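Here is a short report for a first look at this model. Keep the sequence and the structure in view while reading.

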Amino acid sequence: MKIEHIAMYVKDIEAAREFFVKYLGGTSNDGYHNNTTDFQSYFISFDDGARLELMTRPELADLEKPLNRTGYIHVAFSVGSKEAVDTLTDRLKEDGFEVLNGPRTTGDGYYESCIAIIEGNQIEITE
């Protein structure tokens with residue numbers, strides 16, 4: 001068994017698509033648009049076979065996303081080394097994304113940083 005993909009609703013699907021392609025090396029498909037419901041989606045594929053589905057529709061509510069809440073909290077991306085974590089974290093910070101913590105070594109041994117990306121959603125960058 002494996003996770004086939006993770007899906008994420010966003011209001012600005014084009015900004016989300018650009019983020020995952022530009023910063024994390026994803027490859028996007030051409031997208032899907034249902035003209036009846038105005039649902040739109042892109043699948044972003046990564047080198048190891050993981051996929052992220054970005055979705056949007058007009059009636060989405062973008063509720064507050066406090067850091068300490070139940071539910072899915074982040075998606076972690078391994079970039080291969082501590083230096084790559086540092087470099088990508090610096091690049092994201094310079095480009096205006098909020099670094100929530102890190103880079104740091106956590107109590108469970110991960111070298112990581114956590115970034116608030118599109119619409120307050122979080123990603124974790126690990127070595």
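## Contacts around Q122

Contact here means heavy atoms within 4.5 Å. The model is predicted. Q122 touches L67, I73, H74, V75, L100, C114 and I115, leaving out residues up to four places away in sequence.

Where does Q122 lie? Its place is strand 9, which covers residues 122-126. Is Q122 buried or exposed? Buried means under 20% relative accessible area. Q122 has a relative accessibility of 10%, so it counts as buried.

## Overall build

The chain contains 2 helices and 9 strands. Read from the N terminus, the order of elements is β-α-β-β-β-β-β-α-β-β-β.

A compact globule of 127 residues would have a radius of gyration near 14 Å. The chain has 15 Å, which agrees with that value. Its C-alpha trace spans about 50 × 35 × 30 Å along the principal axes.

How much of the chain is buried? Of the 127 residues, 33% are buried. Now take the contacts between residues at least 6 apart in sequence. Among these, 52% join residues at least 24 apart.

## Surface and charge

The chain exposes about 8,000 Å². Carbon and sulfur atoms supply 49% of that area.

The chain carries 12 positive and 23 negative charges.

## A116 in strand 8

A116 belongs to strand 8, and that strand covers residues 111-116. With 12% relative accessibility, A116 counts as buried, because the cut-off is under 20%.

Which residues does A116 touch, apart from neighbours within four places in sequence? They are F97, E98, L100 and N121. A116 and H74 are 42 residues apart along the chain. Their C-alpha atoms are separated by 9.3 Å.

## From strand 7 to strand 8

Strand 7 covers residues 98-105. P103 is found in this strand. A cis peptide bond joins G102 and P103. Its omega is about 0 degrees.

T106 has a relative accessible area of 10%, so it is buried. What does the side chain of T106 meet? A polar contact joins it to the side chain of D108, at 2.3 Å.

## Two residues with positive phi

D38 is not a glycine, yet its phi is positive, at about 65 degrees. D38 sits in the loop between strand 3 (32-33) and strand 4 (40-45). Its relative accessible area is 30%, so D38 is partly exposed.

E119 is not a glycine either, and its phi is also positive, at about 55 degrees. Where is E119 found? Its place is the loop between strand 8 and strand 9. E119 has a relative accessible area of 24% and is partly exposed. That value falls between the limits of under 20% for buried and over 50% for exposed.

Methods:
Residues numbered from 1 in each chain as written. Predicted model: local features only at pLDDT ≥ 70, side-chain atom pairs only at ≥ 80, totals over all residues. Heavy atoms only, no water. Helix = DSSP H or I, 4+ residues; strand = E, 2+ residues; numbered from the N terminus. Buried < 20%, exposed > 50% of the residue type's maximum accessible area, 1.4 Å probe, protein only. Polar contact = N/O pair within 3.5 Å; in protein donor to acceptor, adjacent residues only side chain to side chain. Rg over C-alpha atoms; globule rule 2.2 N^0.38 Å. Areas by Shrake-Rupley, 256 points an atom, 1.4 Å probe, with all protein chains shown as cover. Lys, Arg positive; Asp, Glu negative; His and termini not counted. Charge placed at Lys NZ, Arg CZ, Asp CG, Glu CD.
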